[in-house]
Every structure is written in structure tokens, then in C-alpha cells.
Amino acid sequence: MEIARPADSHDAQDLPIKAPGVTVLSLFLVFAEISLSSFGGAIAWARIVLVERRGWLSERQFAELLGLCQSVPGPSLVNLAIYLGTRHHGALGAIAAAGGFLLPPLVVLLPLGILYQQGAQLEIVRLALHGVAAAAAGMLLATGLRMAQAYRHEPLALLVALLALLGVGLLRWPLLAVLALLAPASIYLAWRRLQ
Amino acid sequence: MNGAVIWQLILLLAPLSLVAIGGVNSVLPEIHRQVVGVHGWVTDGEFADLFALAQAAPGPNIALLVTLIGWKLAGVVGVVAALLAISVPSGLLAYAMTRTWHRFRAARWRRPVQAGLAPVAVGFVLASGLLLTRAADTTPVAYAVSGATALLVLRTRLHPLLIMAAAAALAVAGWL
């Protein structure tokens, strides 16, 4: 499914572009699509749907918006839904996007819960989840690599990404601490580059 | 089930909604501590089962987990209460953030801040991938599944859900 998408120029357009043809209903449906596809983590699917399928965001805009949404309290992807919803259709858009993300999974979840209450065994579910988790981990790695590709001509940005990876992924420092250390330096570098 | 429990659940979840910066790993132990330890609403085993159910369904795991806890405590009312409590406080904050961010669209510091946060986000996504790989993969075959998934997603147009289904089948067959 190829749709015209905003070009990934060296300096992407600023964030709150209004993607064409985004209605309140499409906000609900797009975030429902992300949510219902997300077995084992939603970031990978948010990128696939928003960047590849719909072209609502360029690769860089997705990275920038995710960066913003990770830096404020709350689950990043709900924040992201609310950001896009608000930018396009105000409070109503925010409710539609967040609702699309949060409500449809309940249609899958509650029947599962009822089966469980009636004594269904979870053993096979647990086994299957091992496989899903292994695949989801690989998918997340692929997502990170795709996102990094958008910065392939900027060694300093890649260095920042690498340090964030080392801090959280290998040293296991708290995310907030790594953010507090790296964000000021990275913002300074971006400021120098954009001068 | 009385209304007091619902209020206790709301008062427990609403603050957690706000501290969950950058992911859910920080709030899961706290939810467990409160729900199992402090309040004794579910047993340790039930908590593990509910978490497995939440992971089995697509969507945001923590929101689904607290929804199940709400459902167990107070049925449909509990579902609605839990969902609103975990999403409305941070949702209002995100709404305010969006408005504020847009208000400063002409400010000269805005572009650098955005552009600077992006590479950090890229690193965090890679780090989550790495941590998930380590947590999920206990056998060489599991590592191979993770690696093969990453390659297939990057190099082919195969639908990722097919890959997930194949991985789940491998696991059920006992090969992982």
C-alpha cells in the first residue's frame, strides 16, 4: 500500500503538520488499527501505520513526536494519539484517537477474561506468548533500526541514539536519568545544526 | 461490591497514570505491590494470570491489565472506572502539552528541542528492543526467532502478524 508521504528531507517539516483528509472518524480508526495489531508492543505498529501505511507523519516527524511524547508523563502512545487528535480536531479529535487506541482491545480482552473465569487453562496462552514476545522483541529492534536510518547522515544524532541505547539497554539506568543527561546535550547539538 | 473499593482503585490508578513516563516498566511493580500486597484484591497467581491475559490481547498492556483488575473487583463499573482512572489524568496533561507546544510554534527554541529529543527516542526504542530480547529469549532458538523477525521486517514485505503467528506456533509446539 503506497501512499504519497511527506518527504524525508534533511530537516523534516516542523511537527504539527495537518495531514490531509484526517477526520475524527479516521483518527479513531487509525488508532484502533494500531492498537488491534499490537501484539507485544505498540510502538512498532504505530510507526508502520502512521508512517508507512497512512503517511500521516514522515520518518523524522514520527521520531520527533515520539521523543516529545516520551518526555512527558503518561503512556507515550496515548500521548501520541492525543497529540495528533488535538492537532487535527481539538478535544474531540483527542478523545477519538485515544478512544480508538484504548477501547477496541477490550472487545478482544473481555471474552478472554470470561473464558478464564470459567476455568479455561492459560498454559497454552503462556506458551504462545513466549513466541509472540520473542517476535515482538525482534520487531522492536527493526523499528529502532528503521528510525535510526532517517539519521544516517548525522553522526552526532546517531551517537546520541547509541548513548541512549547503552544507558538504558546495557547499563540499565532509569529512563528518566538517561533522558535528563542526554536531552540537554542533544538539544544543544540540534540547535547548533539548525542555526 | 461496594463503592468504596471502586474509589480505592481510582485513587490508586490516577497517580500512577501520571508517573508512567516513557513506559510501563516502572508502574507494573507498583500496581502489583498495591493490588496484591496492600489491598489483597487478587492473589499473586491471579495477578500473573490477569497479566498473561492482558498480554494475550492486542493493545496497551498496562491499561488492559488494570481494566481486568477493575472488572474482577466490580464488573462493568470497575472496567469503566479503571480505564478512566489510568487514562484521564495523563490524557488531560497530554492535551495541555499539545496546546502549549502549538502555542510556541514560532518560538526559536522549539525546533531544536524537538529535533534533539528524537535521537534519544530512537535510542530508547532500540534499548527496549534489546531489553525485551533479553527478557523473552531464554534459548538459542528464541534468539534466532527474534533475529529472524527483525530481518524479515526490515528486508521483506511479509505481514508482521504472520511472523508473530509463526513464532507463537513454534512456541506452542515446544520448540522455543
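A crossing is called left-handed if the near helix is turned anticlockwise from the far one by less than a right angle, and right-handed if clockwise. In that sense, α6(A) passes α5(B) in a left-handed crossing. This is a predicted model, in which local features need pLDDT of at least 70, side-chain atom pairs count only at pLDDT 80 or more, and totals for chains, interfaces and linings use all residues. Residues are numbered from 1 along each chain as its sequence is written, with chains lettered from A and ligands numbered from 1 in the order in which they are written.

Helices are DSSP runs (H or I, at least four residues), and strands are E runs of at least two, numbered from the N terminus. The axes of α6 (residues 123-149) of chain A and α5 (residues 110-136) of chain B come within 8 Å and cross at roughly 160°; axes are lines fitted to C-alpha atoms, for helices over the stretch in contact, with angles from 0 to 180 degrees between N-to-C directions. The two helices are therefore roughly antiparallel to each other, a term for angles over 145 degrees.

Which residues of α5(B) does α6(A) meet? They include Val122(B), Leu126(B), Gly129(B) and Ala136(B), where contact requires C-beta atoms, placed from the backbone, within 7 Å.

Turning to chain B, there are 7 helices and 0 strands. Buried residues make up 47% of its 176 residues; buried denotes 20 or more other C-beta atoms, placed from the backbone, within 10 Å of the residue's own.

Conventions. Parallel < 35°, antiparallel > 145°, perpendicular 65-115°, else oblique. Contact = placed C-beta atoms within 7 Å. Buried ≥ 20, exposed ≤ 12 C-beta atoms within 10 Å, placed from the backbone.
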